[in-house]
Amino acid sequence: MNLCDIKTVKQIMNMFHLTFHKEFGQNFLTDRMVVEDIAEECCTDENSTILEIGPGIGTLTYELALRRRQVISLEIDRGLIPVLSYTLGEFDNVRVINKDVMETDLQELLAPAFAEGPVSVCANLPYYITTPILMKLLESGLPFDYITIMIQAEVADRLCAKAGTKDYGAITAVLAYYGEAEKLFTVPADRFIPAPKVNSTVIRIRLHREKPCKPKNEAMLFRTIKAAFGQRRKTLINALGAGFSELTREELVSAVTACGHDVNIRGERLDIAQFTALSDRLNEILIQKV
Ligand code: SAM
(Lines give C-alpha, C1' and ligand atoms only; values in the text may rest on other atoms or scores of the structure.)
Protein backbone atom coordinates (compact mmCIF):
# COMPACT_ATOMS: atom_id res chain seq x y z
CA MET A 1 0.00 0.00 0.00
CA ASN A 2 1.50 3.35 -1.05
CA LEU A 3 0.22 5.92 1.44
CA CYS A 4 1.87 8.73 -0.54
CA ASP A 5 -0.21 8.01 -3.61
CA ILE A 6 -3.07 10.53 -3.85
CA LYS A 7 -5.43 7.92 -5.35
CA THR A 8 -4.70 5.53 -2.47
CA VAL A 9 -5.29 8.28 0.12
CA LYS A 10 -8.65 9.10 -1.48
CA GLN A 11 -9.58 5.39 -1.64
CA ILE A 12 -8.76 4.91 2.05
CA MET A 13 -10.77 7.98 3.04
CA ASN A 14 -13.75 6.72 1.00
CA MET A 15 -13.42 3.19 2.34
CA PHE A 16 -13.75 4.52 5.92
CA HIS A 17 -16.37 7.17 4.94
CA LEU A 18 -14.09 10.00 6.04
CA THR A 19 -13.54 13.58 4.90
CA PHE A 20 -10.53 15.80 5.66
CA HIS A 21 -11.15 17.83 8.81
CA LYS A 22 -9.91 21.37 8.29
CA GLU A 23 -10.43 22.17 11.97
CA PHE A 24 -7.83 19.50 12.85
CA GLY A 25 -5.34 20.85 10.31
CA GLN A 26 -5.55 17.70 8.19
CA ASN A 27 -3.17 18.11 5.27
CA PHE A 28 -1.64 14.72 4.55
CA LEU A 29 1.81 14.36 3.02
CA THR A 30 1.99 12.74 -0.41
CA ASP A 31 5.69 13.03 -1.26
CA ARG A 32 7.50 9.78 -0.51
CA MET A 33 10.97 11.35 -0.56
CA VAL A 34 9.92 13.99 1.94
CA VAL A 35 8.32 11.43 4.26
CA GLU A 36 11.41 9.20 4.11
CA ASP A 37 13.75 12.14 4.66
CA ILE A 38 11.84 13.27 7.76
CA ALA A 39 11.85 9.74 9.21
CA GLU A 40 15.56 9.45 8.44
CA GLU A 41 16.62 12.86 9.78
CA CYS A 42 14.39 13.12 12.87
CA CYS A 43 16.99 11.70 15.25
CA THR A 44 20.32 9.94 15.22
CA ASP A 45 19.62 6.82 17.26
CA GLU A 46 17.79 3.81 15.75
CA ASN A 47 17.01 2.67 19.26
CA SER A 48 14.85 5.77 19.86
CA THR A 49 11.21 5.89 20.78
CA ILE A 50 9.41 8.46 18.65
CA LEU A 51 6.46 10.45 19.92
CA GLU A 52 4.44 11.37 16.85
CA ILE A 53 1.69 13.97 17.05
CA GLY A 54 -1.08 13.60 14.48
CA PRO A 55 -0.36 10.45 12.43
CA GLY A 56 -3.25 11.14 10.02
CA ILE A 57 -3.57 7.96 7.95
CA GLY A 58 -0.13 6.80 9.09
CA THR A 59 2.08 7.95 6.20
CA LEU A 60 4.97 9.22 8.34
CA THR A 61 4.25 6.72 11.13
CA TYR A 62 4.90 3.87 8.67
CA GLU A 63 8.37 5.15 7.75
CA LEU A 64 9.20 5.88 11.40
CA ALA A 65 8.15 2.35 12.42
CA LEU A 66 10.53 0.89 9.83
CA ARG A 67 13.46 2.89 11.17
CA ARG A 68 13.00 3.31 14.93
CA ARG A 69 12.52 1.02 17.89
CA GLN A 70 9.07 2.22 18.83
CA VAL A 71 6.52 4.83 17.75
CA ILE A 72 3.84 6.28 20.01
CA SER A 73 1.31 8.31 18.01
CA LEU A 74 -1.33 10.65 19.42
CA GLU A 75 -4.26 11.31 17.09
CA ILE A 76 -7.16 13.58 18.05
CA ASP A 77 -9.53 12.40 15.29
CA ARG A 78 -11.42 9.29 16.40
CA GLY A 79 -12.42 8.58 12.79
CA LEU A 80 -8.79 7.91 11.84
CA ILE A 81 -8.19 5.21 14.47
CA PRO A 82 -9.63 2.30 12.39
CA VAL A 83 -7.69 3.63 9.37
CA LEU A 84 -4.47 3.50 11.37
CA SER A 85 -5.18 -0.11 12.46
CA TYR A 86 -5.55 -0.91 8.77
CA THR A 87 -2.48 0.96 7.43
CA LEU A 88 -0.12 0.09 10.32
CA GLY A 89 -1.42 -3.40 11.07
CA GLU A 90 1.86 -5.08 10.15
CA PHE A 91 3.84 -3.32 12.90
CA ASP A 92 4.12 -4.43 16.50
CA ASN A 93 6.26 -1.41 17.46
CA VAL A 94 3.53 1.21 16.91
CA ARG A 95 1.05 2.33 19.54
CA VAL A 96 -1.73 4.66 18.42
CA ILE A 97 -3.62 6.60 21.07
CA ASN A 98 -6.80 8.52 20.34
CA LYS A 99 -6.05 11.66 22.33
CA ASP A 100 -5.51 15.40 22.02
CA VAL A 101 -1.81 16.07 22.65
CA MET A 102 -2.74 19.21 24.59
CA GLU A 103 -4.69 17.08 27.06
CA THR A 104 -2.12 14.33 27.38
CA ASP A 105 0.13 13.91 30.40
CA LEU A 106 3.38 13.43 28.49
CA GLN A 107 5.41 12.61 31.62
CA GLU A 108 3.12 9.73 32.43
CA LEU A 109 2.82 8.52 28.84
CA LEU A 110 6.55 8.54 28.12
CA ALA A 111 8.05 7.48 31.47
CA PRO A 112 8.48 3.82 30.36
CA ALA A 113 10.02 4.90 27.04
CA PHE A 114 12.54 7.21 28.74
CA ALA A 115 13.44 4.35 31.09
CA GLU A 116 14.31 2.21 28.05
CA GLY A 117 16.29 4.63 25.88
CA PRO A 118 16.30 7.92 23.98
CA VAL A 119 13.04 9.61 23.01
CA SER A 120 12.50 12.14 20.22
CA VAL A 121 9.46 13.86 18.76
CA CYS A 122 8.62 13.78 15.07
CA ALA A 123 5.49 15.29 13.54
CA ASN A 124 3.87 16.99 10.63
CA LEU A 125 2.10 19.38 12.96
CA PRO A 126 -1.43 20.71 12.53
CA TYR A 127 -0.82 24.39 11.74
CA TYR A 128 -3.66 25.79 13.83
CA ILE A 129 -1.89 24.79 17.02
CA THR A 130 1.85 24.69 16.21
CA THR A 131 3.11 27.10 18.87
CA PRO A 132 1.05 25.71 21.80
CA ILE A 133 2.20 22.16 20.96
CA LEU A 134 5.84 23.22 20.67
CA MET A 135 5.65 25.15 23.96
CA LYS A 136 4.01 22.17 25.67
CA LEU A 137 6.86 19.91 24.50
CA LEU A 138 9.56 22.37 25.60
CA GLU A 139 7.97 23.27 28.93
CA SER A 140 7.36 19.62 29.78
CA GLY A 141 11.03 19.49 30.80
CA LEU A 142 11.23 16.01 29.28
CA PRO A 143 14.72 15.19 28.02
CA PHE A 144 13.84 14.64 24.35
CA ASP A 145 16.89 14.30 22.12
CA TYR A 146 15.30 16.03 19.12
CA ILE A 147 12.02 17.63 18.18
CA THR A 148 11.59 17.45 14.41
CA ILE A 149 8.48 19.18 13.11
CA MET A 150 6.99 20.22 9.81
CA ILE A 151 5.44 23.65 10.23
CA GLN A 152 4.43 26.65 8.11
CA ALA A 153 7.51 28.05 6.35
CA GLU A 154 6.88 31.49 7.82
CA VAL A 155 6.78 30.11 11.38
CA ALA A 156 9.99 28.16 10.70
CA ASP A 157 11.66 31.42 9.60
CA ARG A 158 10.68 32.95 12.94
CA LEU A 159 11.81 30.01 15.05
CA CYS A 160 15.20 29.78 13.35
CA ALA A 161 15.90 33.54 13.04
CA LYS A 162 19.11 35.16 14.27
CA ALA A 163 19.01 38.03 16.80
CA GLY A 164 18.69 41.41 15.11
CA THR A 165 16.84 40.15 12.01
CA LYS A 166 13.23 40.99 11.14
CA ASP A 167 11.95 37.48 11.88
CA TYR A 168 13.51 37.34 15.36
CA GLY A 169 10.89 37.48 18.11
CA ALA A 170 10.01 36.36 21.63
CA ILE A 171 9.39 32.77 20.49
CA THR A 172 12.85 32.63 18.84
CA ALA A 173 14.55 33.73 22.05
CA VAL A 174 12.50 31.33 24.18
CA LEU A 175 13.25 28.43 21.84
CA ALA A 176 16.98 29.23 21.93
CA TYR A 177 16.81 28.80 25.70
CA TYR A 178 15.66 25.20 25.30
CA GLY A 179 17.60 24.09 22.24
CA GLU A 180 19.18 24.77 18.90
CA ALA A 181 16.88 24.90 15.88
CA GLU A 182 17.89 24.31 12.28
CA LYS A 183 15.91 24.23 9.05
CA LEU A 184 16.16 20.92 7.22
CA PHE A 185 14.14 21.54 4.06
CA THR A 186 11.12 23.31 2.60
CA VAL A 187 8.15 21.41 1.18
CA PRO A 188 5.87 23.04 -1.42
CA ALA A 189 2.14 23.20 -0.67
CA ASP A 190 1.28 20.88 -3.59
CA ARG A 191 2.90 17.91 -1.80
CA PHE A 192 -0.12 17.60 0.52
CA ILE A 193 -3.71 16.53 0.16
CA PRO A 194 -5.61 18.77 0.50
CA ALA A 195 -2.97 21.41 -0.36
CA PRO A 196 -2.57 24.09 2.31
CA LYS A 197 -2.30 27.75 1.27
CA VAL A 198 1.36 28.07 2.23
CA ASN A 199 4.63 26.16 1.94
CA SER A 200 6.00 24.18 4.86
CA THR A 201 9.44 23.75 6.35
CA VAL A 202 10.84 20.90 8.41
CA ILE A 203 12.89 22.07 11.36
CA ARG A 204 14.90 20.00 13.82
CA ILE A 205 15.51 21.19 17.36
CA ARG A 206 18.34 19.59 19.30
CA LEU A 207 17.46 20.09 22.94
CA HIS A 208 20.24 21.27 25.24
CA ARG A 209 21.33 18.51 27.60
CA GLU A 210 22.74 21.19 29.83
CA LYS A 211 21.32 24.68 29.30
CA PRO A 212 24.06 27.11 28.20
CA CYS A 213 22.16 29.97 29.88
CA LYS A 214 21.30 29.62 33.54
CA PRO A 215 19.06 32.48 34.70
CA LYS A 216 18.77 33.05 38.45
CA ASN A 217 15.00 33.12 37.96
CA GLU A 218 13.54 31.38 34.92
CA ALA A 219 10.15 33.09 35.20
CA MET A 220 11.94 36.45 35.19
CA LEU A 221 13.78 35.50 31.99
CA PHE A 222 10.50 34.76 30.22
CA ARG A 223 8.93 37.94 31.62
CA THR A 224 11.88 39.98 30.34
CA ILE A 225 11.66 38.47 26.85
CA LYS A 226 7.90 38.98 26.71
CA ALA A 227 8.22 42.62 27.79
CA ALA A 228 11.08 43.31 25.36
CA PHE A 229 9.00 42.17 22.39
CA GLY A 230 5.69 43.51 23.69
CA GLN A 231 6.27 46.90 22.09
CA ARG A 232 8.40 46.06 19.10
CA ARG A 233 8.91 49.52 17.62
CA LYS A 234 10.04 50.96 20.95
CA THR A 235 13.50 50.95 22.48
CA LEU A 236 14.21 48.12 24.91
CA ILE A 237 13.97 50.51 27.87
CA ASN A 238 10.55 51.81 26.81
CA ALA A 239 9.28 48.30 26.09
CA LEU A 240 10.48 47.09 29.51
CA GLY A 241 8.72 50.10 31.07
CA ALA A 242 5.37 48.69 29.94
CA GLY A 243 6.14 45.17 31.18
CA PHE A 244 7.78 46.16 34.50
CA SER A 245 5.54 48.95 35.78
CA GLU A 246 6.94 48.50 39.30
CA LEU A 247 10.39 49.71 38.15
CA THR A 248 11.32 53.35 37.52
CA ARG A 249 12.85 54.51 34.25
CA GLU A 250 16.16 55.12 36.09
CA GLU A 251 16.18 51.53 37.33
CA LEU A 252 15.54 50.23 33.82
CA VAL A 253 18.26 52.45 32.35
CA SER A 254 20.67 51.23 35.01
CA ALA A 255 19.81 47.55 34.30
CA VAL A 256 20.20 47.91 30.53
CA THR A 257 23.42 49.93 30.66
CA ALA A 258 24.91 47.69 33.40
CA CYS A 259 24.61 44.86 30.86
CA GLY A 260 26.71 46.86 28.42
CA HIS A 261 23.93 48.05 26.09
CA ASP A 262 23.24 51.47 24.66
CA VAL A 263 20.13 53.19 26.08
CA ASN A 264 18.59 53.23 22.59
CA ILE A 265 19.04 49.50 21.85
CA ARG A 266 15.96 47.56 20.73
CA GLY A 267 14.95 44.27 22.28
CA GLU A 268 15.31 42.31 19.04
CA ARG A 269 19.10 42.79 19.11
CA LEU A 270 19.56 40.68 22.24
CA ASP A 271 20.33 37.00 22.04
CA ILE A 272 19.31 34.53 24.74
CA ALA A 273 22.55 34.95 26.74
CA GLN A 274 22.04 38.72 26.80
CA PHE A 275 18.39 38.32 27.82
CA THR A 276 19.52 36.03 30.64
CA ALA A 277 22.03 38.62 31.92
CA LEU A 278 19.41 41.38 31.72
CA SER A 279 16.79 39.31 33.53
CA ASP A 280 19.29 38.56 36.32
CA ARG A 281 19.91 42.29 36.70
CA LEU A 282 16.17 43.07 36.77
CA ASN A 283 15.66 40.27 39.26
CA GLU A 284 18.29 41.76 41.57
CA ILE A 285 16.72 45.23 41.40
CA LEU A 286 13.29 43.79 42.15
CA ILE A 287 14.62 41.80 45.13
CA GLN A 288 16.33 44.91 46.51
CA LYS A 289 13.06 46.84 46.28
CA VAL A 290 11.05 44.56 48.57
N1 SAM B 1 1.19 12.85 9.90
C2 SAM B 1 0.22 12.93 8.82
C3 SAM B 1 0.92 13.26 7.53
O4 SAM B 1 2.05 13.77 7.59
O5 SAM B 1 0.35 13.05 6.46
C6 SAM B 1 -0.88 13.94 9.12
C7 SAM B 1 -0.44 15.34 9.44
S8 SAM B 1 -1.76 16.51 9.52
C9 SAM B 1 -0.90 18.00 9.09
C10 SAM B 1 -2.02 16.79 11.26
C11 SAM B 1 -2.62 15.63 12.05
O12 SAM B 1 -2.72 16.01 13.41
C13 SAM B 1 -4.02 15.24 11.63
O14 SAM B 1 -4.10 13.83 11.56
C15 SAM B 1 -4.93 15.76 12.77
O16 SAM B 1 -6.12 15.03 12.92
C17 SAM B 1 -3.98 15.63 13.94
N18 SAM B 1 -4.25 16.54 15.08
C19 SAM B 1 -4.75 17.80 15.01
N20 SAM B 1 -4.82 18.34 16.24
C21 SAM B 1 -4.33 17.42 17.10
C22 SAM B 1 -4.16 17.38 18.51
N23 SAM B 1 -4.47 18.44 19.27
N24 SAM B 1 -3.66 16.25 19.09
C25 SAM B 1 -3.34 15.17 18.32
N26 SAM B 1 -3.48 15.15 16.97
C27 SAM B 1 -3.97 16.25 16.37
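User: Happy to start with the ligand: how far is a nitrogen atom of the ligand from a polar backbone atom of Ile76?

Analyst: A nitrogen atom of the ligand faces a polar atom in the backbone of Ile76. Please keep in mind that this is a predicted model. A polar contact needs a pair of N or O atoms within 3.5 Å, and the separation at Ile76 is 3.3 Å.

User: Which residue has a polar side-chain atom 2.8 Å from a nitrogen atom of the ligand?

Analyst: Side chains take part here too. Gln26 has a side-chain N or O atom 2.9 Å from an oxygen atom of the ligand. For a nitrogen atom of the ligand, the polar side-chain atom at 2.8 Å belongs to Asp100.

User: What share of the area that the ligand exposes when taken alone does the protein bury?

Analyst: On its own, the ligand exposes 600 Å². The shell around the ligand holds 11 nonpolar, 6 polar and 5 charged residues. Of the ligand's area, the protein buries 99%.

User: Why is helix α3 largely enclosed by the rest of the structure?

Analyst: Let's look at the helix, which spans residues 59-67. Among its buried residues are Leu60, Leu64 and Arg67, and the buried residues of α3 pack against elements including α2, β2 and β3. Helix α3 is largely enclosed because the number of its 9 residues that are buried is 7.

Note on methods: Residues are numbered from 1 along each chain as its sequence is written. This is a predicted model: local features need pLDDT of at least 70, side-chain atom pairs count only at pLDDT 80 or more; totals for chains, interfaces and linings use all residues. Side-chain values use heavy atoms; hydrogens and water are left out. A polar contact is a pair of N or O atoms within 3.5 Å; within protein, one must be able to donate a hydrogen and the other to accept it, and residues adjacent in sequence count only if both atoms are side-chain atoms. Accessible areas come from the Shrake-Rupley method with a 1.4 Å probe; for residues, only the protein chains shown count as cover. Ala, Val, Leu, Ile, Met, Phe, Trp, Tyr, Cys and Pro count as nonpolar, Asp, Glu, Lys and Arg as charged, and the others, Gly among them, as polar. Buried means under 20% relative accessible area, exposed over 50%, partly exposed in between (1.4 Å probe, protein chains only). Helices (H or I, at least four residues) and strands (E, at least two) are DSSP runs, numbered from the N terminus. Contact means heavy atoms within 4.5 Å.
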